[in-house]
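Hi there,

I am passing a structure on to you, with some notes to read beside it. Please open it first and keep it in view as you go through the rest.

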Amino acid sequence: MDLQIKGLRVLGTAGANGIGRATARAFAAEGAKVHICDVDTAALAEMAKSDPAMTQSVCDVSDREAVAQLMGDALAALGGLD
């Protein structure tokens with residue numbers, strides 16, 4: 001399938017487990033550059049091994065300061081967001 005998203009810069013929350021992980025991997029499989037965040041550090045470590053092209057941050061999206069840091073991390077890692 002070609003979703004015409006090659007090169008797009010994507011931020012995925014809760015991206016180290018379940019639906020978030022599947023979504024992040026689907027974007028990456030279509031050629032998008034993906035930055036994920038999650039609160040589960042063990043799952044993020046697993047993603048770093050299995051999907052090393054994805055950048056990542058530890059983030060609890062219910063914490064405003066953590067989200068501000070996440071946005072900075074994602075923008076720095078991907079050079080912007082689409």
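Below is what was found, starting with how to read the model.

This is a predicted model, in which local features need pLDDT of at least 70 and side-chain atom pairs count only at pLDDT 80 or more, while totals for chains, interfaces and linings use all residues. Residues are numbered from 1 along each chain as its sequence is written, and side-chain values use heavy atoms, with hydrogens and water left out.

Salt bridges

Side chains of opposite charge can pair when their charged atoms come close. A salt bridge here is a side-chain nitrogen of Lys or Arg within 4 Å of a carboxyl oxygen of Asp or Glu. By this rule the count is two salt bridges.

One of them joins the side chains of R9 and D82, at 3.1 Å from N to O. R9 belongs to strand 1 (residues 9-12) and D82 to the segment after helix 3 (64-78), so this pair ties together parts that are 73 residues apart in sequence. Helices (H or I, at least four residues) and strands (E, at least two) are DSSP runs, numbered from the N terminus. For accessibility, buried means under 20% relative accessible area, exposed over 50%, and partly exposed in between (1.4 Å probe, protein chains only). R9 is partly exposed because its relative accessibility is 23%, whereas D82, at 57%, is exposed.

R25 forms a salt bridge with D51, and their closest N and O atoms are 2.9 Å apart. This pair also links distant parts of the chain, 26 residues apart: R25 sits in helix 1 (residues 18-29), and D51 in the loop between helix 2 (41-50) and strand 3 (55-58). R25 is partly exposed at 33%, while D51 counts as buried because its value is 16%.

Helix 1

Around S57

S57 lies in strand 3. Is S57 buried or exposed? With 6% relative accessibility, S57 is buried. Its side chain makes a polar contact of 2.8 Å with that of H35 and another of 2.9 Å with that of D73. A polar contact is a pair of N or O atoms within 3.5 Å; within protein, one must be able to donate a hydrogen and the other to accept it, and residues adjacent in sequence count only if both atoms are side-chain atoms. Leaving aside residues up to four places away in sequence, S57 touches H35, I36, C37, D38, L44, L70 and D73, where contact means heavy atoms within 4.5 Å.

Happy exploring!
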